[in-house]
Amino acid sequence: MLEVMTPMGTMLSVPEHLAEDLPYFPGKGSPGAIEDACAFYNEHGYVVLRGLVSSHLCAHVRSIYATTARGCRVPMLRQRNMQYERNKFNSDGFLENPIFNIQDLGSRQLSVFRKAVLDILTQIEVADVVAALLEARQTKVIQSMFFEAPTGTWAHQDSYYQDSASKLGMMVGGWFALEDIDANAGRFYVCPGSHKSELLVRNEGDCNFATGHDCYRQTMLDRMREQAVDVAAPFLGAGDVLFWNSLTIHGSFTAGRSGLSRMSVTAHYLDDTDSMLQFHSRIRRQKNTKHNNMTVSLLHDQDKLRNRLIRELAFRLPRTYFAARRIALRAVLACRSI
Ligand SMILES: O=C(O)CCC(=O)C(=O)O
């Protein structure tokens with residue numbers, strides 16, 4: 001076990017090897033495993049399915065990333081600041097600005113990478129688990145991200161950014177390990193049971209996303225400390241997938257040492273008949289496509305000229321774009337339709 005400091009300043013023993021962790025549930029070949037996994041998820045707000053994705057598919061995405069997306073100079077939207085940026089690499093040569101919404105990437109340069117990632121996110125074994133967790137007949141991917149370097153993502157509930165329009169907590173996130181994730185590589189963590197507590201920080205008042213994101217992050221941490229929440233950072237090997245509820249507090253640690261990557265993809269899913277609730281404020285309509293028979297919803301489709309023009313403007317004039325976005329966000333949050 002590796003001792004890691006949580007964002008609350010407490011110490012946590014993080015499993016370095018599979019044998020040091022809970023077994024959780026097999027992703028394949030075990031009748032009844034999905035039912036057991038659902039019961040665990042409902043109780044703890046997260047669950048791990050081991051080997052849900054084949055090592056062959058994980059290796060395929062790693063190799064396609066290396067040969068196509070890594071060297072691509074096209075600006076892409078980024079998870080950490082929602083700005084259009086070119087790829088940036090840390091001193092170890094790993095991508096340090098995670099890509100936001102792989103399904104939006106343009107066909108000209110990135111269709112092969114986009115397809116390889118969507119093949120994983122929509123494969124039948126994944127679709128079956130997500131449908132069971134959401135008690136839905138069909139589900140859809142509404143958002144995705146690609147990570148390589150450790151990022152130290154702040155503690156949050158996805159609900160603050162997006163959730164199900166039908167009921168808060170009815171969105172599922174999935175963290176797909178594309179390689180064995182070292183305990184020092186900025187492990188993804190969850191706060192078990194936090195989906196059931198009174199910890200929801202709403203996207204409003206001083207904590208609104210347009211002007212109060214720092215306040216949100218601090219308030220979240222204060223609540224975690226007050227409630228002395230548990231933290232778990234499961235061992236995730238290539239092909240293991242951790243699913244969590246949109247009300248479950250989670251984030252990732254900063255790296256314990258240099259030289260490590262944590263290549264992974266995350267995705268957020270809804271019942272196919274549901275809609276995305278954005279910022280606890282409005283229903284965000286999305287254009288839909290299909291992949292592997294699953295609906296994939298787009299937000300900033302780069303195959304559309306209009307979106308490419310916005311990208312060019314945002315990339316060349318980031319400050320102007322940021323200011324305009326902030327005004328638009330304030331307007332959205334001020335006239336809540338929910
Ligand atoms: O892995 C991470 O750093 C954060 C991922 C995450 O929070 C998400 O996908 O919602």
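**Ligand shell.** I started with the ligand in this predicted model. Around the ligand I find Met145, Phe147, Thr151, Thr153, Asp158, Gly173, Phe188, His250, Ser252 and Thr266, where near means a C-beta atom, placed from the backbone, within 6 Å. Sorted by class, the shell has 3 nonpolar, 6 polar and 1 charged residues. I count Ala, Val, Leu, Ile, Met, Phe, Trp, Tyr, Cys and Pro as nonpolar, Asp, Glu, Lys and Arg as charged, and the others, Gly among them, as polar. Strands E8 (139-147) and E13 (250-252) each give at least two residues to this shell.

**Ground rules.** My numbering starts from 1 along each chain as its sequence is written. Local features need pLDDT of at least 70 and side-chain atom pairs 80 or more, while totals for chains, interfaces and linings use all residues.

**Whole chain.** I get 7 helices and 18 strands in the protein chain; these are DSSP runs numbered from the N terminus, helices being H or I with at least four residues and strands E with at least two. The C-alpha trace spans about 50 × 45 × 45 Å along its principal axes.

**H2 on H3.** Next I checked H2 (residues 55-69) against H3 (residues 107-121): their axes come within 9 Å and cross at roughly 160°. Axes are lines fitted to C-alpha atoms, for helices over the stretch in contact, with angles from 0 to 180 degrees between N-to-C directions. So H2 is roughly antiparallel to H3 (over 145 degrees; under 35 is roughly parallel, 65 to 115 roughly perpendicular, the rest oblique). In the contact (C-beta atoms, placed from the backbone, within 7 Å), H2 residues including Leu57 and Ile64 meet H3 residues including Phe113 and Ile120. That contact divides into 11 nonpolar, 2 polar and 1 charged residues.

**H1 on H4.** H1 (residues 33-44) and H4 (residues 124-134) pack at about 45°, axes 10 Å apart. That makes H1 oblique to H4. Ile34, Ala37, Cys38 and Tyr41 of H1 meet Asp128, Val129, Ala132 and Leu133 of H4. I noted 7 nonpolar, no polar and 1 charged residues there.

Key:
Contact = placed C-beta atoms within 7 Å.
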